[in-house]
Amino acid sequence: MVSTEQTAAGICSPALSQEPTWLELSSTFRLGSALTQRVVPGSAVEGSSLSTIPGLVAGIDEVGRGALFGPVVAAAVILPACALPKLMAAEIKDSKKLSSSRRTQLSQQICDLATDWNIGFASSAEIDQINILQATLLAMRRAVLKLKVQPQLCLVDGNQPIKDLLIPQETIVKGDERSLTIAAASIVAKVWRDELVMRLALKYPLYNLKDNKGYGSQKHLVALQKYGPSRLHRKSFRPCQVQC
């Protein structure tokens with residue numbers, strides 16, 4: 001009898017794994033639940049499911065928080081319902097898990113399918129002035145405010161809400177692995193920032209930016225020790241605080 005019950009459990013268990021990976025397609029995902037980390041107080045979306053939210057949902061994500069050089073960049077992406085199966089078929093995922101060429105292809109597809117999308121960023125000087133966390137939230141806010149189509153809800157990667165944003169928002173820890181719209185935003189932001197740094201690499205050839213994209217690779221750190229930081233390095237970051 002025990003073995004029969006175990007076999008039955010084994011047969012039934014695969015059905016549980018058929019639950020959609022992406023939160024947008026999950027019948028059990030409820031905004032404001034344990035799956036999300038923060039609900040904006042008084043938000044009209046608390047306790048509702050995505051399928052019942054009128055209007056459009058924007059995914060917000062950033063890239064470049066840990067870089068030593070250049071801006072922190074955020075993207076806001078609004079996807080129509082018809083885009084979700086197309087992007088799933090294209091095997092969209094967190095930008096960090098994709099090759100550079102695949103990110104570029106997906107970014108173009110996302111932008112073509114999106115109802116609206118836009119980029120916001122905070123400069124190295126702003127990062128030094130207000131710190132990287134506040135600069136990241138500022139970049140996210142700028143991305144949302146630049147949208148021509150206003151979303152009814154913003155899904156924000158991480159656990160920090162965007163300050164002074166009048167649109168209802170939900171934060172989702174590891175959102176780029178759990179929300180398709182946030183994953184789309186992560187890809188668009190990553191491609192946009194990488195292309196910017198590639199252009200800046202021509203102006204600042206000493207730091208091997210073409211390969212490290214502004215992050216602290218060994219060659220980058222050695223160059224900082226040898227030549228000191230450029231005007232686009234983040235002087236508030238310890239590796240950039242060198243005396244030559």
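A residue counts as buried under 20% relative accessible area, as exposed over 50%, and as partly exposed in between. I open with that definition because Trp 192, at 27% relative accessibility, therefore counts as partly exposed. Please keep in mind throughout that this is a predicted model.

A pair of aromatic rings is described by the distance of the centres and the angle of the planes. The structure holds 2 aromatic pairs. Phe 69 and Tyr 204 are both buried.

Phe 121 and Trp 192 also form an aromatic pair, and this one is stacked, at 6.0 Å centre to centre with 25 degrees between the planes. Because Phe 121 belongs to strand S4 (residues 116-122) and Trp 192 to helix H7, the pair ties together parts that are 71 residues apart in sequence. Phe 121, with a relative accessible area of 38%, is partly exposed.

What of strand S4 itself? In S4, 5 of the 7 residues are buried, so the strand is largely enclosed by the rest of the structure. S3 and S4 run antiparallel and are joined by 7 bridges. Ala 74, for instance, has Gly 120 in S4 as its bridge partner.

I return now to helix H7, where Lys 190 lies. Is Lys 190 buried or exposed? Its relative accessibility is 15%, so Lys 190 counts as buried. Leaving aside residues up to four places away in sequence, Lys 190 touches Val 63, Ser 95 and Arg 103.

Finally, I turn to the nonpolar cores. The largest has 35 residues, and among those with the most contacts inside it are Ile 60, Met 140 and Cys 154. Two or more residues of this core come from each of S2, S3, helix H5 (132-145), strand S5 (153-157), H7 and helix H9 (218-227). H5 gives the largest share, 7 residues. Cys 154 has contacts beyond four places in sequence that include Ala 58, Ile 60, Val 144 and Leu 165. There is also a second, separate core of 26 residues, which includes Ile 110, Leu 113, Ala 189 and Val 191.

Notes
Residues numbered from 1 in each chain as written. Predicted model: local features only at pLDDT ≥ 70, side-chain atom pairs only at ≥ 80, totals over all residues. Heavy atoms only, no water. Phe/Tyr/Trp six-rings, centres within 6.5 Å; stacked < 30°, edge-to-face > 60°. Buried < 20%, exposed > 50% of the residue type's maximum accessible area, 1.4 Å probe, protein only. Helix = DSSP H or I, 4+ residues; strand = E, 2+ residues; numbered from the N terminus. Contact = heavy atoms within 4.5 Å. Pairing = 2+ DSSP bridges. Core = buried A, V, L, I, M, F, W, Y, C linked by side-chain atoms within 4.5 Å.
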